[in-house]
Amino acid sequence: MGLEQCLHTPPKPRLALALAGVVRSYGEGEGRKLEILRAADLAIAHGQSVALVAPSGTGKSTLLHVAGLLEHSDEGEVFIDGQPTAQLSDAERTRIRRLSIGFVYQFHHLLGEFTALENVAMPQMIRGLAHKEANQRAEELLAYLGLGERLTHRPAELSGGEQQRVAIARALANAPRLLLADEPTGNLDPKTSAHVFDALTELVQATGVAALIATHNMELAARMDRRVTLREGKVIELP
């Protein structure tokens, strides 16, 4: 390749998440192991949304936990924004989770004694942002998600769909590089599920975060940039 061609070759996009040869197994007693992930590979660039669709029991949650540094892999490497993490201390892994990764679960896990605004502002203040700035960003995120009139409501005063939108705002409050979601609409009715999923994908596009979202809903998965599944412990790209 000549110099001129090299200069005009577009750079490869930096990866927000890369799994390389990841193995994860669990002990079953008497020296036996149940291997969930077997040399799993996955790459997600910044701004990409990827749906993880697979039957229950195939390892979706395990993959998300390993990708989010909540569990250690037995072998292989997990790169977050290009940084290898396998040899990091627990404190260093916690720091990356706090600064670079946002999580959304099937159940919102909001703090019931705090308002929607406070639930979204809190992780920002834990990170060190001033109270006024944290509240301002929380208000902007909630308003973007259609909750501008619900800022002072506590979780028990919100519908299921509203609670989950607050959880999405909280996950993105610290501007993470990577968003991981485990069946974020799994406990919602179909209409509410579609609204919440639309809000999630719109916010992902607006912020440029990379997203890996586990879902059973193929219709929702079809709206994302890519779709992958798990077969025999490996990540397989779907058409």
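This is a predicted model: local features need pLDDT of at least 70, side-chain atom pairs count only at pLDDT 80 or more; totals for chains, interfaces and linings use all residues.
Numbering runs from 1 along each chain as its sequence is written, and side-chain values use heavy atoms, with hydrogens and water left out.

Back to the pair. The axes of H4 and H6 come within 8 Å and cross at roughly 20°. Axes here are lines fitted to C-alpha atoms, for helices over the stretch in contact, with angles from 0 to 180 degrees between N-to-C directions. H4 is therefore roughly parallel to H6; the classes are roughly parallel under 35 degrees, roughly antiparallel over 145, roughly perpendicular from 65 to 115, and oblique for the rest. Helices (H or I, at least four residues) and strands (E, at least two) are DSSP runs numbered from the N terminus.

Which residues meet? From H4 there are Ala116, Asn119, Val120 and Pro123, and from H6 there are Val166, Ala169 and Arg170; contact means heavy atoms within 4.5 Å. By class, this contact has five nonpolar, one polar and one charged residues. Ala, Val, Leu, Ile, Met, Phe, Trp, Tyr, Cys and Pro count as nonpolar, Asp, Glu, Lys and Arg as charged, and the others, Gly among them, as polar.

H6 also packs on H5. Their axes come within 9 Å and cross at roughly 135°, so H5 is oblique to H6. This crossing, too, is right-handed. Arg137, Leu141 and Leu142 of H5 make the contact with Val166, Ala169 and Leu172 of H6. Those residues divide into five nonpolar, no polar and one charged.

Next, Val166. Not counting residues up to four places away in sequence, Val166 touches Leu110, Ala116, Asn119, Val120, Leu142, Leu147 and Leu158.

Now the core. The largest nonpolar core has 38 residues, and Val120, Leu142, Val166, Ile168, Leu179 and Ile213 have the most contacts inside it. A nonpolar core is a set of buried Ala, Val, Leu, Ile, Met, Phe, Trp, Tyr and Cys residues joined through side-chain atoms within 4.5 Å. Buried means under 20% relative accessible area, exposed over 50%, and partly exposed in between, with a 1.4 Å probe and protein chains only. Among the elements that each supply at least two residues of this core are H4 (116-127), H5 (131-144), H6 (160-172) and strand E7 (178-182). Another core, of 31 residues, lies apart from it and includes Ile36, Ala40, Leu180 and Ala210.

Then H2, residues 60-67: six of its eight residues are buried. These are Lys60, Thr62, Leu63, Leu64, Val66 and Ala67. Just after H2, Leu69 takes a positive phi of about 65°.

Val53 sits between strand E3 (49-52) and H2 and is buried, at 6% relative accessible area. Beyond four places in sequence, its contacts include Lys60, Thr215, Met218 and Leu238.

Arg223 is in the loop between H8 and strand E9 (226-231). Is Arg223 buried or partly exposed? Arg223 is partly exposed, with a relative accessible area of 37%. Leaving aside neighbours within four places in sequence, Arg223 is in contact with Ala194 and Asp198. Arg223 and Ser49 are 174 residues apart in sequence, and 9.2 Å apart in space, C-alpha to C-alpha.

Technical notes: A crossing is left-handed if the near helix is turned anticlockwise from the far one by less than a right angle, and right-handed if clockwise.
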